[in-house]
Amino acid sequence: MPDFDAIIIGTGQAGPSLAFRLAGAGMKVAVVERHLVGGTCVNTGCTPTKALVASAYAARIARRAAEYGVMIGGDIAVDMRQVKARKDAIVAQSRSGLTAALKSAANITLYRGHARFASPQAVEIAGERLRAERIFINVGGRARVPSMPGIDYVPYLTNSSMMDVDFLPRHLIIVGGSYIGLEFGQMYRRFGSEVTIIEMAPRLVCHEDEDVSAAIKDIVEREGVSIRLDAECISLAKRGNDIVAKVDCTAGAPEVAGSHFLLAVGRRPNTDDLGLDKAGVRCDERGYIVVDDQLQTNVPGIWALGDCNGRGAFTHTAYNDFEIVAANLLDRDLRRVGDRITAYALYTDPPLGRLGMTLAEARHSGRRVLVGERPMTRVAHAVEKGETQGFMRILVDGDSKEILGASLLGTGCDEVVLTILDLMYAKAPRERAMHIHPTVSELLPTILGDLKPAI
Ligand SMILES: Cc1cc2nc3c(=O)[nH]c(=O)nc-3n(C[C@H](O)[C@H](O)[C@H](O)COP(=O)(O)OP(=O)(O)OC[C@H]3O[C@@H](n4cnc5c(N)ncnc54)[C@H](O)[C@@H]3O)c2cc1C
């Protein structure tokens with residue numbers, strides 16, 4: 001039984017970075033991966049979807065070219081094979097770079113296969129048993145397949161199988177009107193598919209403020225995406241070559257027939273076949289590994305990082321988990337999950353950059369809340385770019401003057417939001433920096449200088 005100082009299960013967004021840090025500190029590290037090195041983000045999540053979003057954006061701008069005085073002439077054709085080939089090349093470069101780095105690193109051994117715990121200090125891979133005093137779980141998650149009537153009888157796509165699509169679906173039906181559904185929905189509409197998004201909740205991205213949901217709905221509907229909300233009872237059936245989704249919505253026909261069907265109703269952690277019982281590691285009722293603020297499980301010597309611990313569902317949260325564990329173990333720096341500020345982006349076009357509290361959450365917190373807002377039609381750089389959809393909102397505590405949160409829906413707002421994030425970490429009450437003109441960010445001091453009480 002080979003002995004290591006550390007075993008890392010999974011090569012998602014925390015595992016490899018942690019492996020390099022531990023190996024660099026002189027530890028002998030085993031890294032185990034059962035499928036594609038790089039995990040979800042690199043292979044079936046962030047990287048490929050944002051590469052596809054970029055192709056869809058190019059198609060959109062090409063169609064709007066005349067608005068900018070650029071005459072292309074004729075119809076804009078999208079070659080889905082080329083779109084996929086471009087995406088595949090970007091993914092392959094990322095994956096092969098990481099694989100090569102893991103294989104060539106001193107003190108790291110990369111094992112290929114499914115890992116299961118055999119005991120709190122041992123892991124089995126294809127009959128081989130590895131032992132270590134420290135084990136780090138970074139197994140991520142996969143698409144959730146809900147138990148809808150008919151789901152076993154219709155072919156469905158997930159974010160993973162969407163990566164193989166090199167053709168244009170005639171009509172893509174998407175169940176799930178949140179981040180993944182919206183990104184694929186707008187993207188395929190821009191490629192040329194008819195798209196219907198079916199959402200069980202009364203609005204899209206229902207964790208966001210109502211006006212943010214409404215603005216996103218308006219943006220995608222204007223591009224021709226059909227939205228069906230309040231779809232409480234969804235059942236599926238095959239009719240000829242079509243997939244039929246029967247929906248019980250407050251508006252619209254009782255069924256939607258399409259050529260392809262994408263499930264985008266959330267994720268579940270890859271903890272069901274990990275032998276966690278053999279190690280005594282505790283999960284919650286949804287299968288997420290229970291961790292403390294420094295990402296240790298209930299079993300000494302076992303940590304869980306990334307999506308599988310339920311403390312985040314993003315690449316940056318998984319990477320931050322690595323930073324927290326490395327800081328605590330190697331740097332005597334007591335970093336904690338509780339110190340991080342909620343931050344994420346939705347990559348529709350325009351994107352939504354989100355931080356901290358929504359307006360609804362801030363109101364419910366009992367604080368005196370001040371709000372600064374600006375529509376993108378009043379942002380010079382957005383006007384110059386011809387991209388004026390959306391609005392920016394920043395929330396401030398009326399007493400402490402600390403920034404509580406931001407919802408920035410507009411061109412470039414996936415980047416703009418980081419300026420506010422840095423202010424929040426610095427606990428700076430106001431922005432005093434001089435910003436560059438013309439940018440979207442230059443309006444942030446103006447918004448912060450014109451705050452009004454939240455009604
Ligand atoms: C369509 C889509 C788009 C996304 N876009 C974004 C985005 O734009 N920005 C963002 O921040 N996040 C995005 N995410 C989320 C992001 O991809 C994840 O949060 C991130 O990948 C989590 O990484 P992780 O480290 O938890 O594990 P993962 O990246 O899921 O990796 C886990 C790895 O563990 C391996 N593994 C699992 N079980 C075992 C086992 N028993 N033995 C060996 N290996 C095992 C898996 O094969 C996998 O390689 C997106 C997700 C999806 C699905």
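Tyr 68, Val 70 and Ile 72 form a nonpolar surface patch of about 270 Å². Such patches join nonpolar side chains within 5 Å, from residues with over 30% relative accessible area and no salt bridge (a Lys or Arg side-chain nitrogen within 4 Å of a carboxyl oxygen of Asp or Glu). Areas follow the Shrake-Rupley method with a 1.4 Å probe. Ile 72 sits in the loop between helix 3 (46-63) and helix 4 (80-104); helices are DSSP runs (H or I) of at least four residues, strands (E) of at least two.

The model is predicted: local features need pLDDT of at least 70, side-chain atom pairs 80 or more, while totals for chains, interfaces and linings use all residues. Numbering starts from 1 along each chain, and side-chain values use heavy atoms, without hydrogens or water.

The ligand is surrounded by 39 residues, each with a heavy atom within 4 Å. Gln 13, Glu 33, Thr 40, Asn 138 and Asp 307 are the closest. The shell comprises 14 nonpolar, 20 polar and five charged residues, with Gly counted as polar. A ligand nitrogen lies 3.2 Å from a polar backbone atom of Arg 34. Ligand oxygens lie 3.2 Å from one of Ala 313 and 2.9 Å from a backbone N or O atom of Thr 315. The protein buries 94% of the 1,000 Å² that the ligand exposes alone. Strand 2 (29-33), helix 2 (39-43), helix 3 and helix 8 (315-330) each give two or more residues to the shell.

Gly 177 occupies the loop between strand 8 (171-175) and helix 5 (179-191). Gly 177 is buried, at 0% relative accessible area (buried means under 20%). Its C-alpha atom is 9.6 Å from that of Lys 217, 40 residues away along the chain.

Technical notes:
Patches are made of residues with over 30% relative accessible area and no salt bridge: like charges are joined within 9 Å, nonpolar side chains (Val, Leu, Ile, Met, Phe, Trp, Tyr) within 5 Å. A polar contact is a pair of N or O atoms within 3.5 Å; within protein, one must be able to donate a hydrogen and the other to accept it, and residues adjacent in sequence count only if both atoms are side-chain atoms. Buried means under 20% relative accessible area, exposed over 50%, partly exposed in between (1.4 Å probe, protein chains only).
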